[in-house]
Each structure stands twice: as structure tokens, then as C-alpha cells.
Amino acid sequence: MEYLGQYKAVYKAKAGCEDILSKAQDGGIVTAMFAYALETGIIDGAIVAGPGEEAYKPEPMIATTVDELLAARGTKYSISPNMALIKEATRSYGLDKIGIVGTPCQIQAVRKAQLYPIGMRDVPDKIALALGIFCMENFPYQGLYQMVEDHCATKIDNVTKMDIGKGKFSVYTERGVNAQIPLKVTHKYEQPGCHVCLDYVANLADISTGSVGTPDGWSTVFVRSAAGEAAFNKAVDAGWIIAESMDGVKPGLELVTKLATEKITKNQKYIEHRAHAEHEALKPLRNPYI
Amino acid sequence: MGLFDKFKSLLFGKGDVSEGTQDEKPVASKQEPVASKQEEPVSAKHEAPVTKAEPADMKVEQKPIIQKPKEEKPVADKITVGHVHMSGCTGCLVSLADNYEGLLTILDKYADLVYCLTLADVRHIPEMDVALVEGSVCLNDECSMEEILETRERAKIVVALGGCACYGNTTRFCRGGQQNQPQHEAFLPIGDLIKVDVYIPACAPTPQQIRNVCLMAYLLLKGNDEQKALATAYLTPLMNLAAAGTEACGCDLMTEVINQGLCCGCGSCAAACTVRAITMQYGRPQVERDLCIKCGACYAQCPRSFFSFDVCGQYESITNLIGEVMKP
Ligand SMILES: Cc1cc2nc3c(=O)[nH]c(=O)nc-3n(C[C@H](O)[C@H](O)[C@H](O)COP(=O)(O)OP(=O)(O)OC[C@H]3O[C@@H](n4cnc5c(N)ncnc54)[C@H](O)[C@@H]3O)c2cc1C
Ligand code: SF4
Ligand code: SF4
Ligand code: SF4
């Protein structure tokens, strides 16, 4: 429980609508939740990782229509600074009820902005639905490019899906699985800032979702806050989301817990190592966690 | 966790240290329904502002609350707050005022404004619990130098309010040569002259951040041990910023975050910057340093400058709580 954060309920779930599922990464939970929230006025816009100028280089954007949400489906394994739009959403976009999707670190940033709004006037009250996606690590765009073009020998423009699972990084093209490399090979391309990250399943989100734990085409979903619970239950009642019990699902929460524990333990060790306690001659590096 | 739930009941059962006192607000407001409170505003004492939440008498109540005579003291133990205006632009004070009715709630229940040249006729700096100091200090202006010293001597807690007081902000660029005091050229953040306890960076600081600091200062000074613990947990990062120094710049993102291997590419810094000096390029902040006015918002807002799991992990209960205590 500790490694998975606080939650009210956990489900195996997927979108109820084929249109969403066709290009969703997993169960299409993020897109379905936002689409439902948009249609019913729970949010009036959502910050998502939209398509950028280069293939698989995400560009944060504010989606105010379902079509825009659909265009943002799928995981881009590179940095999408979604928080960069959080204040603008309340300004020129004039949103009152913002949805935002983000990796655990971005959801942490949302909560910090709500409790310590230092340069974020009027943002605290306007966050309506923060959806977190599980995240083991992320890659700078050049790193991802290298992994795809060099290691996988695949043109990145031809890629239709990327996926990390079962110890492999896979790229799919129109013709099916094109290449797979062991995750071991990708480690050196990881964003360094990810190595001090102590959150795997977006503990501070209203709802968090990811692929680990449930079969292909389904998502694991943690419903966490009161706002998240209200929105999720309504979306299920309205048929936008199909939710089933996690009981008996393989590999289930056991695997989620195992991976969360591994990530947090490893990164905790790294943070301790950064203190350089064992080397008198080395000064400590900065620790952001007070 | 327990701390925050307790805090909630403790706040309403003001000053009561025992944990069993759950019959705080909801019960109180039911006990003293619509009628009783209008008739006896004085005897309503502690509960008076709380009972106001009854929707039925909202309209009737609004005026009386604003005009309520001072002697009534609905909360026995308010803290005293002053606004000290050094070389600032009054934008920080406007931000405080931009809490709108929230400011009235604060003044009603938690704080007396004992000094503020913009709003009240008290001419000299009095003793106060909290000094919200805006603006930097002109070394070439004797009166300012005296005032900042007096502020420190007379305030229990000195808060540097806004980028100028914390870090100099635009006054970092002053270099004299203008009529009619061309010799007024040297400006320093207040922390270079006196010890500062808490920073509220940014230009302008946000109304919500000022509100939160005021509420937490109230708990720190008037609360029991547990309330103090909460306030301390909340204020610690802002006290750490004050202890860390008086220089800020968009460069901090490089020197303290990226160079330290800590940036996660979230983009908060770009959102925080008032002057849009920061764009995100390949997942990292790119600072247009000639646009930067040195307000310190970007670094302070960055989740990798400080992040408290204790406080942020409880965002839901703290947010609910702030919403509740801010009800008029
Ligand atoms: C860098 C990264 C690492 C991940 N690691 C894991 C993992 O270890 N285990 C696991 O179970 N799941 C992981 N995920 C989550 C998983 O890949 C899916 O994003 C998640 O299951 C949501 O799928 P969906 O079908 O519900 O979403 P969809 O309906 O397909 O929508 C996906 C949403 O995610 C947003 N998005 C895409 N890329 C990014 C990005 N880079 N930053 C922010 N938002 C983005 C899109 O805007 C879109 O709104 C990771 C995701 C990312 C971005
Ligand atoms: S591993 Fe952590 S720091 Fe890195 S992208 Fe994921 S959530 Fe952010
Ligand atoms: S870059 Fe922007 S936010 Fe950062 S210190 Fe400069 S002006 Fe302030
Ligand atoms: S706010 Fe986010 S993007 Fe900006 S420096 Fe900090 S971690 Fe990096």
C-alpha cells in the first residue's frame, strides 16, 4: 500500500468506446475519462501531450474538444512539459476547470502548485481532474531517437506504437512488431532527473492509470481522491468506462507492487548516495526532498 | 494523516489541546441557527464568524460583518499583522487584497492589520506578530534604513513579501542617475540587512500563497503544539528559502536543478515565470536571461527545488481545510 500511495479503489478497466480504444496506448482510460469529463462539464479543457513537429516528440497542448483528445492518444516516451501550460490554461484559454494528465513528477508539480502557488496565481482552485500515468522512467528526445533509429534500426516516422513491457522496449510499425531491444540497452538514455524519483503509480493524482498488472488492451486504475472517485464512478455508470474487479487478475497488483518497490528502493539508494556520506572529500549534492 | 485531521478539529475548537473535541464547526452552526446569531452578536464570541455559513442569512449578514465594530473581537486571539512598504510597487499588497472576501475573512477571524500606510492611518511601525515587508531597501535613503531595522526589532516574524523583498527583483537593475535623487542607486533585498524568517517569492506573489502563509502564521503563534507542527511543516520550505540567500535568477534552474541532475522536465518553471522568459526546449527550460527580472518564482515553484511528501501528500485535506476555514 505504501508504495502504491493512498487509494479508494483499484480496477481493471478500459474505455467503453471502440473509437477511443483503436489508438489508445492501453485501455484508453486517460482519453475516455477526459472525453467524458469534457462532455459533462467536469472539466472545460485538458492539458495533454499532443503530437509535436517531430515524430514521437510530444508537445503539450490544451484540448477543448474530443477530437483533440483523440489526437493525443498513445504514449510518447519522451518529455512533455505539460505543467508549462497550467497557468496559461487559466489565462488566454479562460478555463475554470482544468484537466491535466502527467507522469508522477508532473502530478507532484500540480500539487505543489496548489499548496505553494508561488508563480501560479489562481491555479490552485482550478484543477478539476489530475490524471496520473504510471512511470518507471522517461527519455530525452534524442535518447528516444537513438533507441528507435539506431538500436531498433527503425525509422521513427514509420513507428505507429512504442511500448515498454516484460523487460523490453518495442517499436511497432504498420507491419507489426518491427523491433525489440532489452531494456538494459536503454538505461543509459534515461533522463537523469528520473533517478531521484520516488513515485511509480502517480500517488498524488485524482486517478492514476498504467498498463502494468492487467492484460493487453486493459489498464490498471487507482481511484484516489474524492474528486477522482466521483468522476470515475459517473464515467462507469455512463458507459464510458468498463471497470472490473482486480481480484484474480494476472499478473495483478502483485507485479505493480513489485515494480513500485524496486523503483523507489533503487532511487532512494541513489538519493542517499548523492549525499556522498562515504566520501569525506566529496560535498553532498542537493536533495530536494525536505 | 492524524496530524492534519486533528488540526482541523483543533482549529475549530480553538486552543483546545485535547483530541476528543470533535463537536467543532458543523455542530456549532446547527446549535446557533439563523435567529439567535443576529440578535446577539456579542455573546456569539468564538462561534460568531463560523455560524455565518448558514445560507439563509447570507444576505442579511454581509453588511454587518464588514461593518462589525472592532471591540466585538469575534476571535479572542487574533495575530497582529503589518504591511511594511519599502521600495516596492504595492503590487504585493494588491495581491493580498486580491483574496477578495477571503481577506475580510482573514481580518475577521485570524489577523488584525495594525499597520499599513496604504490602508490605515497608523504612522509609525508598531509591535506586531507578522510583518509582511514588500520592496527592497535603498541604502541611500536613511529613512528606509531605519524602517527596516525597526521592522525587525518590532516584529516576531518577518516575511519578505514578493520578489523585491526576497531577491531585489527589478530593483537589482537600479543604478541611480535619475531625477530628483540621482544618488539613489543602491538597493538590497531586505535579507541583506536584517534576518528574514519566511520568503514569499514571485512578482507578484500570488494571493493564495499570501493567504496560506497568513493562516499558517496564525497557527504557529496561536495554536497548540500540533497546530504548530503543521504550520512548521508547511512553512519550513519557505523558511529554508529565506535562509538560503538573497540572490535569484532564471539561472537558478541551471545551477540548482539541471546542473544538479534533478530536472524532470515538468515545465512548472515556464508556467511560473511572469515575463515569459522561459520556454521548454527538448524537455528542459531555456531561459531568456535578458528578459528575466530576477523574481525567484521559477526556482521556488520547481518541484525539484523543494518538495515535501508530508505536506504535498496531504494536499486533499489541506485544500479542503483551507476552503473551510476561509468561509466567511
Ligand atoms: C514516459 C512514460 C513512462 C511510462 N512508464 C510506464 C510503466 O513503467 N508502467 C506502466 O504501467 N505504464 C507506464 N506508462 C503509462 C502507459 O504507457 C500509458 O500512458 C497509460 O497506461 C495510459 O494509457 P491509456 O490507454 O489510458 O491512455 P491514452 O488514452 O492512450 O492516452 C495517453 C495519454 O497520455 C498522455 N501522454 C503521452 N505521452 C506522455 C508523456 N510523455 N508525458 C505526459 N503525458 C503523456 C497523452 O497526452 C494522452 O492523453 C508510461 C508512460 C509514459 C509517458
Ligand atoms: S521517472 Fe519520475 S521523474 Fe522521471 S518522468 Fe517518470 S515520474 Fe517524472
Ligand atoms: S526566469 Fe522568470 S520566474 Fe525565473 S527569476 Fe527570472 S523572471 Fe522570475
Ligand atoms: S520546474 Fe520542472 S522543468 Fe523547470 S527546472 Fe524544475 S524540474 Fe525542470
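Strand β1 (residues 79-85) of chain B has five of its seven residues buried, so it is largely enclosed by the rest of the structure; buried here means under 20% relative accessible area, with exposed meaning over 50% and partly exposed in between, for a 1.4 Å probe and protein chains only. This is a predicted model, in which local features need pLDDT of at least 70 and side-chain atom pairs count only at pLDDT 80 or more, while totals for chains, interfaces and linings use all residues. Residues are numbered from 1 along each chain as its sequence is written, chains are lettered from A and ligands numbered from 1 in the order in which they are written, and side-chain values use heavy atoms, without hydrogens and water.

Helices (H or I, at least four residues) and strands (E, at least two) are DSSP runs, numbered from the N terminus, and two strands pair if DSSP finds at least two bridges between them. Strand β1(B) runs parallel to strand β2 (residues 111-116) of chain B, to which five bridges join it, and H83(B) has C116(B) as its bridge partner in β2(B). Five bridges also join β1(B) to strand β3 (residues 128-134) of chain B, again in parallel, and there V84(B) stands opposite V133(B).

In chain B, A217(B) belongs to helix α10 (residues 207-222) and is buried, with a relative accessible area of 4%. Contact means heavy atoms within 4.5 Å, and, apart from neighbours within four places in sequence, A217(B) is in contact with I79(B), V130(B) and L235(B).

Chain A holds an open sheet of eight strands with mixed pairing, in the order β3-β2-β4-β5-β9-β10-β1-β11. Its edge strands, each pairing on one side only, are β3 (59-63) and β11 (241-245) of chain A. On average, neighbouring strands of this sheet are turned by 30° against each other, direction ignored; axes are lines fitted to C-alpha atoms, for helices over the stretch in contact, and angles run from 0 to 180 degrees between N-to-C directions. Within the sheet, strand β2 (residues 45-50) of chain A and strand β4 (residues 98-102) of chain A pair in the parallel sense over three bridges, and A46(A) has G99(A) as its bridge partner in β4(A). Helix α2 (residues 29-40) of chain A packs on the sheet, and its direction makes about 170° with that of β5(A). Helix α5 (residues 104-115) of chain A also packs on the sheet, touching β4 and β5 of chain A, and its direction makes about 155° with that of β5(A).

Ligand 4 is surrounded by 13 residues, the closest being C263(B), C266(B), G267(B), C269(B) and C302(B); a residue is near a molecule if one of its heavy atoms lies within 4 Å of it. The elements giving two or more residues to this shell are α12 (252-258) and α13 (268-272) of chain B.

A disulfide is a pair of cysteine sulfur atoms within 2.5 Å, and the structure holds zero disulfides over all chains. Two cysteines are set out below.

| Cysteine | Closest cysteine sulfur | Distance | Relative accessible area |
|---|---|---|---|
| C152(A) | C135(A) | 19 Å | 6% |
| C312(B) | C302(B) | 12 Å | 1% |

The sulfur of C152(A) is too far from that of C135(A) for a bond, and C312(B) is in no disulfide.
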